[in-house]
Amino acid sequence: MQMQKTSSDLVLLVARIAMSALFIPGGLRKLMDLGAFAAMLHKQGVPAADVLAPVGACVEFLGGIAILVGIQLRIATLLMIVFTVIASFIAHRFWELEGPARQMQQTQFFKNLAIVGGFFALWAAGAGRYAVDRLLHRERFERRTGDRRNGTRPVSDTTS
């Protein structure tokens, strides 16, 4: 059972790395040139693009980092789901296009839908053992599950 848990934790780490690899560089590029990002949003008809550009860039960059290191993963994945859905409807409006441009944007739109599915899977599975949250909350985790190093089992709290 421990071997299966270890491999699951490794798979979750690889999933977090893969998911964040798309968003961290993209968010950083947007942060480094907020003017260009705001101009793109404005061109796409996004209201208050100058205000929303830094918000979107920060969510993309910081959310990607949170997922990579496994801190507040469930909150980060929900933010990234919202970000990805909004980005899809802003940048990949394939239904407004024809021909090869429509096909390309449709592919990008559905790629983003698959990414949203990946974020939902991470949300459901959690960050796994190799995550900052696990390190920060190790004591609480060990109280709840029992410390495997000394063979103790969880103790029910009957003081309520």
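How do the residues of the lining of the largest pocket divide into nonpolar, polar and charged? In this predicted model, in which local features require pLDDT of at least 70 and side-chain atom pairs count only at pLDDT 80 or more, totals for chains, interfaces and linings use all residues. Residues are numbered from 1 along each chain as its sequence is written, and side-chain values use heavy atoms, with hydrogens and water left out.

The lining of the largest pocket comprises 17 nonpolar, 6 polar and 4 charged residues, where Ala, Val, Leu, Ile, Met, Phe, Trp, Tyr, Cys and Pro count as nonpolar, Asp, Glu, Lys and Arg as charged, and the others, Gly among them, as polar. The volume of this pocket is about 660 Å³, and K30, F37, E60, F83 and A87 are the closest to its centre among the 27 residues that line it. A pocket is here an open set of points on a 1 Å grid over the protein atoms alone, where a 1.4 Å probe fits, with protein on both sides within 12 Å along at least five of seven lines, and lining residues have an atom within 4 Å of a point; the volume is the space filled by probe spheres set on the points, which are joined across faces, edges and corners. At least two lining residues come from each of α1, α2 (34-43), α3 (49-69), α4 and α5 (99-125), and α4 gives the most, with 8 residues. The charged end of K30 sits over the ring of F37, 5.4 Å from its centre, the criterion being that NZ of Lys or CZ of Arg is within 6 Å of the ring centre and within 35 degrees of the ring normal. The charged end of R74 likewise sits over the ring of W123, at 5.7 Å from the ring centre.

With regard to the overall fold, the chain has 7 helices and 0 strands, helices (H or I, at least four residues) and strands (E, at least two) being DSSP runs numbered from the N terminus. Buried residues make up 31% of the 160 residues in the chain, with buried meaning under 20% relative accessible area, exposed over 50%, and partly exposed in between (1.4 Å probe, protein chains only). Of the contacts in the chain with a separation of 6 or more, 65% are accounted for by residues 24 or more positions apart, a contact being defined by heavy atoms within 4.5 Å.

S8 has its place in helix α1 (residues 2-32) and counts as partly exposed because its relative accessibility is 34%; its C-alpha atom is separated by 9.6 Å from that of A125, 117 residues apart along the chain. S20 also lies in helix α1 but counts as buried, because its relative accessibility is 3%, and, leaving aside neighbours within four places in sequence, S20 is in contact with P25, G64, I67 and L68. S88, found in helix α4 (residues 73-91), is buried because its relative accessibility is 4%, and S88 touches R93, F109 and N112, not counting residues up to four places away in sequence.

Aromatic pairs, formed by rings of Phe, Tyr and Trp (its six-membered ring) with centres within 6.5 Å, count as stacked when the planes are under 30 degrees apart, edge-to-face when over 60, and tilted otherwise. By this rule the count comes to 9 aromatic pairs. F89 and W95 form a tilted pair, at 5.8 Å centre to centre and with 50° between the planes, whereas F109 and F110 form an edge-to-face pair, at 5.5 Å centre to centre and with 80° between the planes. F109 counts as buried because its relative accessibility is 13%, while F110 is partly exposed because its relative accessible area is 40%. These residues belong to one aromatic cluster, formed by F89, F94, W95, F109 and F110.

Most residues other than glycine have a negative phi. Against this background, A48, in the loop between α2 and α3, has a positive phi of about 55° although it is not a glycine. Q72, in the loop between α3 and α4, has a positive phi of about 50° and is likewise not a glycine; Q72 counts as partly exposed because its relative accessibility is 43%. Finally, L136 lies in helix α6 (residues 132-136) and is exposed because its relative accessible area is 56%, and L136 and I71, 65 residues apart in sequence, are 9.1 Å apart in space, C-alpha to C-alpha.
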